[in-house]
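Please look over the sequence and the structure below.

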Amino acid sequence: MRLLFLGMPNVGKGTYATIMKEALGIPHISTGEMLREEVSKGSELGERINKIMLEGGLVPDEIIIELIKKRITQDDCKDGFILDGFPRNEDQAKQLQELTEIRKVLHFKADDEVIIERASGRLMCSDCQAGFHKTGKRPKEEGVCDECGGELMQREDDRPDRFQKRLDVYREKTAPLIDFYDRQGLLVEVVINKGIDEIRDKVVTSIKDYLEGKTDTIEEIR
Ligand code: ADP
């Protein structure tokens, strides 16, 4: 069950990946999260990465591939994994093909106004990186992480000026991967236009049914 989650920043793929990881019992591998961990160590490499992330650019492929290679060969990945945020350009996708075979690519989509709404309210725990939302997936106590009690904050690269750059990079470098995987017959569209708390079970069931071959497509979830 080696899966890849694609979609524009803020579409919610990190949230869906967290849910599907529980439902399928396979690890969720987020390169964004791995990079933020490296940054928090304060290493020289971390400093370099931080600068690129703040600008909304792409971290060099060599660094990413090295991280991925190490991660997907770990023991807990032997029954599969969910890749989230990788690959982000065609070179990374080609290098991934050399490393392993992906079974399905889920392309998450939502209407523009839903994406904008999600972008403006996104919060992240400053300790464990768990994701929350001011109106969507709200923490039990305002400003406090449900998982670890850490402080919630807006991600620096979510500020409107920086977010725009990430969108531009997505359109130019990452969006072509949709065709790339479609040509290989691996792609399925997943359209979700509803807050996750209302439709969690529906998301899990439709994705599972599809992966188990019970359905050929994933119906739009509204
Ligand atoms: P989002 O999915 O919301 O855009 P991520 O947490 O996946 O955010 O990524 C944050 C930042 O980390 C990106 O803007 C980019 O700078 C860097 N990054 C993450 N994954 C990759 C990757 N595969 N290749 C290059 N840079 C990456």
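**The ligand and its surroundings**

In this predicted model, the ligand is surrounded by 19 residues, and the closest of them are T31, R36, G57, Q92 and R166. By class, the shell around the ligand consists of seven nonpolar, five polar and seven charged residues. Helix 2, which spans residues 31-40, contributes the most to this shell, with four residues.

Some of the polar side chains can be followed to particular atoms of the ligand. R36 places a polar side-chain atom 2.9 Å from an oxygen atom of the ligand. R155 also has a polar side-chain atom by a ligand oxygen atom, here at 3.1 Å. How much of the accessible area of the ligand does the protein cover? On its own the ligand has 560 Å² of accessible area, and the protein covers 97% of it.

**Two packed helices**

On the helix 7 side, the residues in the contact are Y170, R171, E172, K173 and T174; on the helix 8 side they are P176, L177 and I178. This contact is made up of four nonpolar residues, one polar residue and three charged residues.

**Backbone details in two loops**

The peptide bond between F86 and P87 is cis, with omega at about -5°. P87 sits in the loop that runs between strand 3 and helix 5 (90-99). In another loop, between strand 1 (2-6) and helix 1 (13-24), lies N10. N10 is not a glycine, yet its phi is positive, at about 75°.

**Confidence in the model**

The mean pLDDT of the protein is 92, and 100% of the residues score at least 70. Which elements mark the lowest and the highest mean pLDDT? Helix 6 (residues 112-121) has the lowest, at 82, and strand 3 (residues 81-84) the highest, at 98.

Conventions
Residues are numbered from 1 along each chain as its sequence is written. This is a predicted model: local features need pLDDT of at least 70, side-chain atom pairs count only at pLDDT 80 or more; totals for chains, interfaces and linings use all residues. Side-chain values use heavy atoms; hydrogens and water are left out. A residue is near a molecule or strand if one of its heavy atoms lies within 4 Å of it. A polar contact is a pair of N or O atoms within 3.5 Å; within protein, one must be able to donate a hydrogen and the other to accept it, and residues adjacent in sequence count only if both atoms are side-chain atoms. Accessible areas come from the Shrake-Rupley method with a 1.4 Å probe; for residues, only the protein chains shown count as cover. Ala, Val, Leu, Ile, Met, Phe, Trp, Tyr, Cys and Pro count as nonpolar, Asp, Glu, Lys and Arg as charged, and the others, Gly among them, as polar. pLDDT is the predictor's confidence in each residue, from 0 to 100. Contact means heavy atoms within 4.5 Å.
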